[in-house]
Amino acid sequence: MKFGESVGHFLDVHEDEYHALKIPSNSSVKLFEWLPALYEVEYLKAAPQEDKQHFQVGKAFELMVLEPEKVSKIKTFSAKSYDSVAYHEACTKNPDCVIVSEADLAHVGRWAGSWEKSEKRFERTKENVAQVSCIVEIPTLDIPVRFKMRCDDVDFDNRIIYDYKLVKSAHPTDFQRAIWDFGYDVQAAMYLKGMSILFPDGEPWRFVFCVQEKHNYGYDSRFSAQYDLDSLSLEAAWAHVYVSLQLIHDKQFRGYNSGQLNTEKYRKWAT
């Protein structure tokens, strides 16, 4: 059965197959909430963008932490730039692999090692399932609407979804800002709703951010943290997602509104 033909959760779905299915996802909903027109021109119609440094480094980190048996898929190139000839040659020679620079691989190895040390402080079990792809149908809408999601790591026994973030700063204030700036609350709300629909029986699902700081302090695990969102934040995020999914279904891809602007909040008075 082709991915996307039915609802449910699926294992071993190739990334290309997952991304080829053009139904709402957390990233595309975030795009829609910024400007609906972008959902159409960048998500539905645009050619896939080539993966660059932040994506490749993040994937390498996830492989080392979640699927160490697949680390042979990580390949390196000698140049520093991800726009270099060496990078593109490595991509051509190693299809279906994660391509990082030699310098980045050394850093990722340290960060993964730091996280592995920090796991002794956390709840994650070794029986978790990595890379769980899901198709969810919202049953409460008059016309059923589907969305997709790809969970980094799922503890089905304890009903916990783990999502890994490799960040500049794991300080709670900084990550709280990142949640707002990058719409991680939308992701958490969608994944929690999705899993509660697919697996309704049992305790409420939890969504936990596993946050690893990109530090330069060897294998020090004190720069790793786990965070979750309070119920009010999740409820507000889902309310926005729910409306966005309906508007996407109705193909309401509007552009900018015209109107009067106010710059007062940006004014800095001389002291």
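The exercises below go from the sheet to its helices and then to single residues, all in a predicted model.

**Exercise 1. Work out the strand order of the sheet and find which strands sit at its edges.**

Solution. 
- Start with the order: 6 strands line up as S1-S4-S5-S6-S7-S8, making an open sheet with mixed pairing.
- Now look for strands that pair on one side only: these are S1 (8-11) and S8 (224-227), the edge strands.
- Finish with the twist, which averages 35° from one strand to the next.

**Exercise 2. Describe how S7 and S8 are joined, and name the partner of Gln212 in S8.**

Solution. 
- S7 covers residues 206-213 and runs antiparallel to S8, with 4 bridges joining the two.
- Pick out Gln212: its bridge partner in S8 is Ser224.

**Exercise 3. Check whether the length of H6 agrees with its residue count, then see what its buried residues pack against.**

Solution. 
- H6 (residues 102-118) has 17 residues, and at 1.5 Å a residue they should span 24 Å.
- The end C-alpha atoms of H6 are 25 Å apart, so the two values agree.
- Next, list the buried residues of H6: Asp104, Val108, Arg110, Trp111, Ala112, Gly113, Ser114, Trp115 and Ser118.
- Those buried residues pack against H4, S3 (98-101), S6, S7 and S8.

**Exercise 4. Decide whether Cys134 is buried or exposed, and list what it touches.**

Solution. 
- First place Cys134: it's in S4.
- Its relative accessibility is 0%, and buried means under 20%, so Cys134 counts as buried.
- Leaving out residues up to four places away in sequence, Cys134 touches Phe3, Gly8, His9, Phe147, Lys148, Met149, Met195 and Leu198.

**Exercise 5. Is Asp155 buried or exposed, and which backbone nitrogen does its side chain reach?**

Solution. 
- Asp155 belongs to S5.
- With a relative accessible area of 2%, Asp155 is buried.
- The side chain of Asp155 reaches the backbone nitrogen of Asp157, at 3.2 Å.

Conventions: Residues numbered from 1 in each chain as written. Predicted model: local features only at pLDDT ≥ 70, side-chain atom pairs only at ≥ 80, totals over all residues. Heavy atoms only, no water. Pairing = 2+ DSSP bridges. Axes fitted to C-alpha atoms, helices over the stretch in contact; angles between N-to-C directions. Buried < 20%, exposed > 50% of the residue type's maximum accessible area, 1.4 Å probe, protein only. Polar contact = N/O pair within 3.5 Å; in protein donor to acceptor, adjacent residues only side chain to side chain. Contact = heavy atoms within 4.5 Å. Expected span 1.5 Å × (residues − 1).
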